[in-house]
Amino acid sequence: MREGQADPGLYDYTPYRGRKPFAWPDGKKVAVWVSPNLEFYELDPPANPHRKSWAKPHPDVVGYSHRDHANRVSHWRMADVMTKHGFPGSVSLSVALCQHHPRVVEDANQRGWEFFSHGIYNTRYSYGMDEAHERAIIEDSIRTVRDATGQTIKGWLAPALTHTPRTLDLIAEYGLTYTCDLYHDDQPMPVNTASGRLISMPYSLEVNDHYGFFVYNMSPREYADTLIRQYERLAAEPSGTVMCIPLHSYLIGQPHRIGPFEEVLRHIAADDRAWITRSGDIADHWIKTVGDAA
Amino acid sequence: MSLDPTYLEYPRRREGYDHDLYTWSPMRERPPVAWPGGKALAVWPVVSLEWFPIIPTDKPFRAPGHMQTAYPDYRHYTSREYGSRVGVYRLLDAFAKAGVKASFATNAAIAERYPSLVADVVAAGHEIIAHSTDMNGTIASGLPEDEERALIAKSFDALEKATGTRPRGWHSIARSQSFATPRLLAEAGVEYCCDWVNDELPYVMTTEAGELVNIPLNHELSDRQIITVQQHSADSYVEQMLDAADWLTAEAAREGGGRMLPLQLTPYIMALPYRIGSLETLLETLAARPDVWFATGSEIMDSWKA
């Protein structure tokens, strides 16, 4: 990015109107990817001067144990529903989960899910990191995921959405092809980087389960209805859109929420306009068919 | 500001947790829990009986529901008192009508100030568990250990004095603990706490003073979270609890082993005239299901241990 300038220069302005219609494989209208955040939060993380980790003095019992629900109960509940309806996951991974709870990572890998990095821990923020620090967490991410799963990560979602001005240049330099940190479009778009080739992968804050339940205070059924409306609209537009459903199993896998959520997956799976896929497959396809032609 | 060089060191990056309070196990891989009568779903109502001094303290933090205006905050003082005078009796009647037993997480101050209320709760067959001294009795790191130890002892002593029985369980205000709390509870002979929300069945915590069971009391399913924080209606709350009950019952059948649904109720929230009817419907609906077992925390723990 152009550090210190009012326009960070992340991408070019490309209006939605007038874009060439574009279809996903088999003529599908909307690429749907589900993104479970598989995370590990530390009980007593070191302080980062730019952002507080827990709201309360450590131990923040509710904050920590709510998130730990994922790794004891709700991961499997959520994953079973996804598998049942044919949705693979594209995992936003706190890579230290590979050390703490390798069986959770193994479960996701065995289901054919893709992994991308969401930092080492969701309690270690990039703010204040120098270039050597950032290279270290990128290299750690690539190595840790490869050792644990055999996969080479293609994407990045900054830990707790904390960035530095050099993050995008660095991940592109390391050969990653997509970032989930930019929210300017419903289609993949080229990102300006110093080297390499990076695209923005539409993720979503707005229909993220965290926003649904804790920013918009939706009931489980209201959130399910929101996802269906989001899907219906994106599937009806001509441009070849992307719909991401970002999840945290400790939220969506709660017993009062998972039932209504299953109806969303049932709805999308029964509709023939969806390419139900993974983020890396979307990136590969887009780069091959659109990016190379541009 | 640059970071301390140790920010990229991870001394507790290892298999298992980054602490030693409990060990990891996925719920579905544990030996199945069998509730009495082979019931699929244990439903555990927990009622908070709380007294908020009109002069709040903020050390270590101000309790949720506490005073908000400049002194004297009649508005919140009396609204909370409504729960202990009127609301709780609506709850007791609703429980009696549906034939269900609950755990009452009770401040010591309630036992000291309103002994007839505590006697009514006990006479109805409900369980009393400790819930600190009063709503100024919050716990978090920074509270000196001897003060925390004294707070725990005072809470249990007052309830024992009022009821003749020492409670077996503990619930911290706002579920907030210090690093010492599990050890201090075990040291005080407490059998269970219900502060950690990371599971849906009881599990064992280990401390230097011995073991302590945690029975997860899901904050996401509480009336405070759904009605006060998220501002859903009482009918939506009921719909959410029934969706949860349906899911858990089906999961119990599919995966084998009982499941648990905690219902955390606050008299000044759920027992208002316009809300209580929804709760009555919920209790009667669940009580009519042949696969539901209403139980107190101690009954759940004893059954789980057996």
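**Note on the predicted two-chain model**

1. B:S132 sits in the loop that runs between β3 (127-130) and α4 (145-163) of chain B. The model is a predicted one, and in it the phi of B:S132 is near 75°, a positive value in a residue other than glycine. This serine counts as buried because 25 C-beta neighbours fall inside 10 Å, where 20 or more are required for that class.

2. An α-helix has 3.6 residues a turn, so residues three or four places apart point the same way.

3. After α4(B) comes B:G164, whose phi is positive, near 80°.

4. A straight helix of 13 residues would span 18 Å at 1.5 Å a residue, whereas α10 of chain A spans only 16 Å between its end C-alpha atoms. The buried residues of α10(A) are A:S279, A:G280, A:I282, A:A283 and A:W286. Because they cover an arc of only 155° around the axis, these residues are on the same side of α10(A).

5. Two cis peptide bonds deserve a look in the model. In chain A, such a bond joins A:H58 and A:P59, with omega about 0°, and A:P59 lies in the loop between β1 and α1 of that chain. In chain B, a cis peptide bond joins B:Y71 and B:P72, with omega about -5°, and B:P72 lies in the loop between β1 (41-49) and α1 (74-98) of chain B. B:P72 counts as exposed because it has 10 C-beta neighbours inside 10 Å, the limit for that class being 12 or fewer. B:P72 and B:I55 are 17 residues apart in sequence, and their C-alpha atoms are 7.9 Å apart in space.

6. The loop of chain A between β1 (30-38) and α1 (61-84) also holds A:A47. This alanine is exposed, with 11 other C-beta atoms within 10 Å. Its C-alpha atom and that of A:L198, which is 151 residues away along the chain, are separated by 31 Å.

7. A positive phi is also found at A:L161, where the value is about 55° although the residue is not a glycine. A:L161 is placed in the loop between β4 (155-156) and α5 (167-173) of chain A. With 15 other C-beta atoms within 10 Å, this leucine is partly exposed.

8. The largest nonpolar core has 164 residues, and those with the most contacts inside it are A:L97, B:L41, B:A42 and B:V43. Helix α7 (residues 234-255) of chain B gives the most to this core, with 9 residues. If neighbours within four places in sequence are left aside, A:L97 is in contact with A:L38, A:E39, A:F40, A:V104 and A:V105.

9. The contact between the chains takes 47 residues from chain B and 40 residues from chain A. On the side of chain B that touches chain A, the residues divide into 19 nonpolar, 15 polar and 13 charged.

10. For the annotation, an unreviewed UniProt entry lists residues 74-295 of chain B as "domain: NodB homology". In the model, the end C-alpha atoms of residues 74-295 of chain B lie 36 Å apart, and the span is 51% helix and 14% strand.

How values were computed:
Residues numbered from 1 in each chain as written. Chains lettered and ligands numbered in written order. Predicted model: local features only at pLDDT ≥ 70, side-chain atom pairs only at ≥ 80, totals over all residues. Contact = placed C-beta atoms within 7 Å. Nonpolar A, V, L, I, M, F, W, Y, C, P; charged D, E, K, R; others polar. UniProt positions renumbered as here; feature names shortened; annotations may be inferred. Helix = DSSP H or I, 4+ residues; strand = E, 2+ residues; numbered from the N terminus. Expected span 1.5 Å × (residues − 1). Arc of directions from axis to C-beta. Core = buried A, V, L, I, M, F, W, Y, C linked by C-beta atoms within 7 Å.
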